Amino acid sequence: MTIRPRATAADGRRHTPPYQWVIEGDIKGCFDHIDHHALMQRVRKRVADGKVNRLLVKFLKAGVLTDEQLVQTPAGTGQGSVLSPLLANIALSAIEERYERWVNHQHKRRSSRKSDGVRAALSARSSDRRAGRPVFFPVRYSDDFVLLVSGSLEEAMAEKDALAQYLRESLGLELSREKTQVTALTDGFEFLGHRIRLRWDPRYGYMPRVEIPKAKIADLRYRVKKLTGGDRIGVSLSRMLQDLNPILRGWGYFYRYCTGAKDTFSHLDWYVGDRLWRWMRKKHPRAGARWIARHRRRSKPGSRRVWSAEDQAQFMLSRISVQRYRRGWMGRPEYAIPSGEPDA
């Protein structure tokens with residue numbers, strides 16, 4: 001939604017994307033290096049209950065039990081605990097605060113204005129672009145984030161160094177120099193397991209595309225190959241399908257909203273069927289092809305034949321309904337809207 005161009009030219013196509021560069025943020029050991037003092041300072045701004053704050057400090061200093069040894073935790077939040085994601089989000093909200101002008105412009109709110117902080121930030125982004133000033137807009141999910149840049153490459157590189165220094169001083173966190181890169185949006189970047197890029201369409205101009213990374217497809221093929229290897233000829237076909245189906249179902253529903261997902265799903269269905277055929281030939285070396293083919297049945301009249309055994313049938317990725325993500329669902333959840341009441 002953010003990188004999608006809005007304005008159309010005289011020819012009806014979108015030539016000017018709102019952002020040209022992206023800084024792919026990668027924090028070294030985020031959960032293990034968050035400064036406790038800086039974190040608690042941020043918590044105390046909203047939580048005034050001293051008893052709760054003392055309990056949080058004890059939680060942070062409690063240590064981690066690994067290999068029957070207690071390891072002290074002078075920094076960081078212990079991964080695997082129920083509070084770690086919440087505390088990490090509280091700490092990393094400093095990223096949004098650094099770019100408050102373009103994310104949630106609280107300083108521009110006035111009683112005489114009808115707009116809230118988000119609408120004020122939208123106005124600030126538009127005015128800064130018209131004035132030729134750089135605009136930085138972060139998109140974050142826990143410790144994974146990207147920073148969209150409207151400006152020149154030099155401004156993006158300078159902001160990358162400034163952001164690294166800001167995180168070091170405010171939270172004690174380090175950005176990975178190798179993995180934190182500045183990339184053109186037309187070249188694309190990976191975020192939360194998806195590949196996102198701007199592609200030129202001769203009909204509409206620049207359009208954002210959310211694609212399945214080739215590495216993720218290769219990873220799935222490798223997992224299927226390992227499960228259908230020669231060392232597993234002792235398991236039954238029913239057990240094999242029980243192992244494969246949850247992997248295929250979860251992977252398919254995760255990537256169902258990507259561009260070109262239907263073609264990818266069809267290719268993977270063929271690959272899974274071919275691997276099962278090869279596995280069956282190894283499992284039954286003396287059986288003929290016709291006998292092996294009997295294990296491929298139709299789930300209903302007129303449907304495609306799939307591998308079946310007992311009450312199990314091969315899960316077909318191509319049967320998943322592929323659609324664009326409904327952007328109307330992307331509203332702010334109720335739990336993220338403050339009630340206005342003082343904290344308990």
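1. In strand 12, Ala313 is the bridge partner of Ser308. Two bridges join strand 11 (residues 305–309) to strand 12, and these strands run antiparallel; strands are taken as DSSP runs of E of at least two residues, helices as runs of H or I of at least four, both numbered from the N terminus, and two strands pair if DSSP finds at least two bridges between them. The model is predicted, so that local features need pLDDT of at least 70 and side-chain atom pairs count only at pLDDT 80 or more, whereas totals for chains, interfaces and linings use all residues. Residues are numbered from 1 along each chain as its sequence is written, and side-chain values use heavy atoms, with hydrogens and water left out.

2. The open sheet of three strands has the order 10-11-12, with antiparallel pairing. Strand 10 (296–298) and strand 12 (312–313) stand at its edges with a single partner strand each, so one side of each has no neighbour in the sheet. Helix 9 (residues 237–254) packs on this sheet, touching strand 11 and strand 12, and its direction makes about 115° with that of strand 11; contact means heavy atoms within 4.5 Å, and axes are lines fitted to C-alpha atoms, for helices over the stretch in contact, with angles from 0 to 180 degrees between N-to-C directions.

3. Strand 4 (residues 135–141) and strand 5 (residues 144–150) run antiparallel and are joined by seven bridges, with Phe136 opposite Val149 in strand 5. Two residues lie between the strands of this hairpin, in which Ser142 takes a positive phi near 55°.

4. In helix 7, the buried residues are Ala156, Glu159, Lys160, Leu163, Ala164, Leu167 and Leu171, where buried means under 20% relative accessible area, exposed over 50% and partly exposed in between (1.4 Å probe, protein chains only). They cover an arc of only 145° around the axis, which puts them on the same side of helix 7, the arc being that of the directions from the helix axis to the C-beta atoms. The face turned away from this buried side carries the exposed residues Glu154 and Glu169.

5. Gly172, with a positive phi near 70°, follows helix 7. Leu175, in the loop between helix 7 and strand 6 (181–184), is buried, with a relative accessible area of 8%. Not counting residues up to four places away in sequence, Leu175 touches residues including Phe145, Lys160, Leu163, Ala164 and Leu167.
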